[in-house]
Amino acid sequence: MARIRVGPADEIRPGQPAFVTHGEIEIAVFRLDDGFRAYRNRCPHQQGPVCTGPVSGTLVATADTDWRLAWVLEGRVLICPWHSMEFDLDTGRRIRAQSERLRAFPVEVESGQVFVQVGPRSAASAARQRA
Amino acid sequence: MTRDSRKPLGLDDVFIVDCDVHANEPPEALAPYIDMPWRRSLELLGRGPQRYLDIPGYAPILNLDPPFPDRGLGNRTVTSARQMRDELDELSIDVGILFPDNLLKIAVFPHVDYAAALGRAYNAWLADAWVSRETGLYGAVLAVPQDPKDAAEQIRTYGADDRFVAVYLPVAGLRPLWGDRMYDPIYEAAEEMGLPVMLHSVGIIHPHFPFNLEHVESRIVRHPINHEFALMANLFTMIANGVPVRYPDLEIVFTEGGVSWVPFCMWRMDKEYAEIPTGAPFLERPPSEYIKEMYYCTQPIEEPERARDLVTMIDLFDGRDKVIFASDWPHHDFDHPRKVLNMPFDAQLKRNIMGETARRLFKLPVPVPVA
């Protein structure tokens with residue numbers, strides 16, 4: 001398990017992830033309302049640089065919205081720049097295809113500095129790795 | 001040293017021909033190559049506002065959708081041969097066959113002379129600034145459907161240039177469909193010059209069948225109709241009017257429709273032909289036999305839940321030497337070559353799809369063997 005320093009927490013702004021690399025693995029750290037999430041910068045679809053895409057919201061129409069279009073999850077939807085696959089930054093899961101997910105890494109904040117833990121995939125890819 | 005045959009083929013182990021990449025041609029780039037008075041038109045268009053593949057009078061897309069944030073769907077462009085070569089290198093692609101961006105919609109223009117002039121300018125621009133055997137970027141001669149006689153002249157002119165290896169037949173907004181006898185001069189010239197014709201569509205919603213989709217809300221409804229349905233409609237007319245019979249040495253390629261619609265076309269046409277043979281009086285064999293002799297580009301490659309179903313699909317039309325890789329780079333729905341290479345094809349089928357079949361089809365130079 002390696003502990004990688006990302007940088008000062010207050011320099012990571014919503015929608016503007018910080019990137020670090022560990023060997024061949026590129027990791028992006030995103031700020032959400034309740035903390036940070038770290039994901040591998042590789043889309044499970046065609047391995048595009050997913051974390052370089054915009055962070056936005058998405059359209060849904062469900063029984064909860066009375067089957068009318070609604071704009072939801074603003075600031076939580078990561079859109080892959082290659083094929084526009086959408087991922088929920090809170091969980092790393094692909095929206096509307098829950099079995100696909102981004103590889104997640106645990107995040108820690110210590111003395112105002114953000115760190116990510118990079119280790120064996122099984123432990124690291126847990127859905128929610130809150131800081 | 002030879003590679004370990006037990007290891008799966010990697011991108012660097014195969015010769016990759018990409019049968020569909022797009023060169024962006026803004027109006028101001030073509031202006032120096034077009035005849036008067038159209039040069040004035042392109043100069044004016046070049047000074048005006050331009051949206052992505054959406055330029056009135058040049059790339060008429062009739063975009064009726066409300067926009068939403070960050071849904072640009074790619075909007076990537078490649079504006080020089082150098083940029084294209086660098087980006088294809090990143091994708092491990094050895095050879096690219098060039099198609100236009102804006103002029104994918106050239107078939108909708110009612111002004112015949114303008115359309116023909118645009119086609120001539122595009123071909124001249126490609127020859128001057130893009131195609132080169134050294135860089136592996138090859139051209140497809142744009143055949144303007146509104147003026148088949150002029151298109152035939154273009155095919156004979158550029159067909160003599162070994163940097164052009166195909167003829168591009170625009171599909172989006174076409175009327176009549178490519179089986180019509182008015183296009184015979186184009187097929188005659190392509191066959192004479194030994195150039196395959198490549199039908200290629202694009203996502204527009206006007207003005208003719210099967211593109212009159214202006215009433216359809218959803219893009220995921222429109223997109224397969226204006227691509228796959230359009231290719232199917234053109235294929236049906238080409239079969240019915242005997243294009244593969246009357247031009248037996250002409251190779252026909254379908255681009256940007258994937259492959260899973262091919263068996264349907266074979267079996268449906270065979271059934272129609274059995275019942276109404278007078279509907280296709282040119283044919284000497286059942287329609288499926290001609291359809292099996294045509295070529296189909298992979299993009300957008302189907303991604304079935306059971307990937308091996310794609311192998312079955314290709315076998316249904318005896319397509320092991322008829323399916324050829326295309327990425328559609330840099331468009332929003334491009335396929336990375338890794339996606340196709342990692343399908344559960346056997347090694348020979350992978351080599352065929354990724355480049356060997358296209359190398360033979362387009363008579364490309366034999367590549368230096370990969371170590």
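Which residue stands opposite Met198(B) in β6(B)? Val253(B) does. The views below come from a predicted model, in which local features need pLDDT of at least 70, side-chain atom pairs count only at pLDDT 80 or more, and totals for chains, interfaces and linings use all residues. Residues are numbered from 1 along each chain as its sequence is written, while chains are lettered from A and ligands numbered from 1 in the order in which they are written.

**View 1. Chain B as a whole.** Chain B has 13 helices and eight strands. Helices (H or I, at least four residues) and strands (E, at least two) are DSSP runs, numbered from the N terminus. The C-alpha atoms fill a box of roughly 60 × 55 × 45 Å, taken along the principal axes. Of the 371 residues, 48% count as buried. Buried means that 20 or more other C-beta atoms, placed from the backbone, lie within 10 Å of the residue's own.

**View 2. The open sheet of chain B.** Eight strands line up in the order β1-β2-β3-β4-β5-β6-β7-β8, with parallel pairing. Two strands pair if DSSP finds at least two bridges between them. β1 (17–23) and β8 (323–324) of chain B are the edge strands, and each pairs on one side only. Helix α5(B) packs on this sheet and touches β3 (137–142) and β4 (164–170) of chain B. The direction of α5(B) makes about 155° with that of β3(B).

**View 3. Strand β6 of chain B and its neighbours.** β6(B) covers residues 252–255. Ile252(B) and Phe254(B) point one way, Val253(B) and Thr255(B) the other way, and all are buried. Four bridges join β6(B) to β5(B), residues 197–200, in parallel. Here Val197(B) stands opposite Ile252(B). Two bridges join β6(B) to β7(B), residues 295–297, also in parallel. There Phe254(B) stands opposite Tyr296(B).

**View 4. Two helices side by side in chain B.** The axes of α5(B), residues 148–159, and α6(B), residues 184–193, come within 8 Å and cross at roughly 10°. That makes the two helices roughly parallel, a label for angles under 35 degrees. Axes are lines fitted to C-alpha atoms, for helices over the stretch in contact, and angles run from 0 to 180 degrees between N-to-C directions. Among the residues that meet are Ala152(B) and Ile155(B) in α5(B), and Ile186(B) and Met193(B) in α6(B). The residues of this contact divide into nine nonpolar, one polar and three charged. Ala, Val, Leu, Ile, Met, Phe, Trp, Tyr, Cys and Pro count as nonpolar, Asp, Glu, Lys and Arg as charged, and the others, Gly among them, as polar.

**View 5. Where chain B touches chain A.** 10 residues of chain B are in contact with eight residues of chain A. Contact means C-beta atoms, placed from the backbone, within 7 Å. The chain B side divides into three nonpolar, two polar and five charged residues.

**View 6. Strands of chain A.** An open sheet of four strands runs β2-β3-β4-β10, with antiparallel pairing. Six bridges join β3(A), residues 25–32, to β4(A), residues 35–40. Leu32(A) stands opposite Gly35(A). β8(A) and β9(A) form a hairpin with two residues between them. Arg96(A), in the turn, has a positive phi of about 75°.

Conventions
Parallel < 35°, antiparallel > 145°, perpendicular 65-115°, else oblique. Contact = placed C-beta atoms within 7 Å. Buried ≥ 20, exposed ≤ 12 C-beta atoms within 10 Å, placed from the backbone.
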